[in-house]
Amino acid sequence: MVSTDRGPGGALPRLAVRYHPQAVAPLRVIAKGQGSWRTIWVVDRAVAGTDSSLQLLRRLGEVVDVTGKGPGDAARALAELAPDGIVALSDDQLESTALVAAEMGLPFHTAETALRLNDKSAQRAALQAAGIPVPGNRAVRIPCGESLLRDVLDSVRFPAVLKPQSGAASRDTYRVADSPALREALHAVEERSGGADVDLVIEEYLPDGWPRRARPVADYVSVESVAGVDGICPVAVTGKLPLAEAFRETGNFVPSTLQEPLLAQVLDLAERAVRALGVRVGGLHTEIKLTSAGPRVIEVNGRLGGGGIPVAVERATGCSLLRAVADAAFGRPVSAGGPLPAEGVAFSFFVQPPTSARALASVAGLTEASQVTGVRDVTLNRRPGDLLDWRDGSQSYVVAVHGLAASHDHVQDIIGRVRRTLRVVYA
């Protein structure tokens, strides 16, 4: 979907990529940009894990260090390399990138839109103002005094969900049934933060579309789309496997099992939500729950989906979301015209530890799992002896399995065989 239009003298356009060690892997960015763009890495060494990647990044492209720089100084440093577009691939870099892009006149979110994408309360307010149903919610900063705490407890409708105001992958996310449970969860987050200020949001729990174990798929999906000069283009709708306790993801698959007219309703809701936030350019991952009252927005993320979704989309449809995002950043048409047709069902499966697990003792059966028909790769995310904490969210998985199946039923068969093959022991 990315054209190879070259600039003056036949040079490839330059794409400034805000680097984050937990976003898209650098080698993947380079592979997708081959013949389409030259990469400029914009790094902030204050982001944990960045220093250890600098040597690799310098080998893969030019590097601009914006550590400690305000938007103006960062823009001036980046302007020396004359980028033609800029992207941010992680939530917590959207706002700073928006300010730099505005200084340079590059297509990106406005500062207001970046805030709405990164701040759950601001996002809920914008959706509600656009007439999109949202769960009741309440922002709270901890530590807080007893008076404010009582006010919060009195204003919440249960069951509810407590989660960080800005964050992803279900980190520090609690389902709370009543006031005592909420008080306990708030105390746990405060204790885990070491007394530092933490901004949280408490929101009504959206009713389940069906019991968690009633079907082999979860009651929510995500819409993977790209906004650009030609509008908001839905590329794929991703189905989900049932969540593990504490809202941790156990897997996804492309395409979803949604059929008309529900598919059309989900796509329409996702586009309305994106427009309500003022998004004009970039990749989007919009999560939608399929409640008994109809589809409801969980949240809109101004980045590509995690959990192997970009790879699954490309494996199933042939479309690179990263290339589509680059197209949008360069001001080129995206024109996905989707959701795109799929050849087979691409999937990811994650082995999440039980909430009682404190460490990984051993893992066996990895080679056998990789030999199951349909499996493309098996990766170990934790090693024996590593500590485990369910509060780290979906990223606390032990093993990831990715592949391509002939049908949705075949996906379930493959996952069943992998489950029987892997032998994981926890301490």
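Student: Why does C144 count as partly exposed?
Tutor: C144 has a relative accessibility of 23%. Buried means under 20% relative accessible area, exposed means over 50%, and partly exposed lies in between (1.4 Å probe, protein chains only). So C144, at 23%, is partly exposed. This is a predicted model: local features need pLDDT of at least 70, side-chain atom pairs count only at pLDDT 80 or more, and totals for chains, interfaces and linings use all residues. Residues are numbered from 1 along each chain as its sequence is written, and side-chain values use heavy atoms, leaving out hydrogens and water.

Student: What makes C233 buried?
Tutor: Its relative accessibility is 5%. The limit for buried is under 20%, so C233 qualifies.

Student: What puts R212 in the partly exposed class?
Tutor: R212 has a relative accessible area of 37%. R212 sits in the loop between β8 (198-204) and β9 (220-228); strands are DSSP E runs of at least two residues, helices H or I runs of at least four, numbered from the N terminus.

Student: Which residues does R212 touch beyond four places in sequence?
Tutor: They are P242, L243, A244 and E245. Contact means heavy atoms within 4.5 Å.

Student: How do you know that β10 and β11 pair?
Tutor: Two strands pair if DSSP finds at least two bridges between them. β10 and β11 have two, in the antiparallel sense, so they qualify. G239 stands opposite F253 in β11.

Student: What joins β11 to β14?
Tutor: Four bridges, and the strands run antiparallel. F253 stands opposite F347 in β14.

Student: Which way do the residues of β11 point?
Tutor: G251 and F253 point one way, N252 and V254 the other, and all are buried. In a regular strand, side chains alternate between the two faces of the sheet.

Student: What makes β13 and β16 edge strands?
Tutor: The open sheet has eight strands, in the order β13-β12-β9-β10-β11-β14-β17-β16, with antiparallel pairing. β13 (294-301) and β16 (375-380) each pair on one side only.
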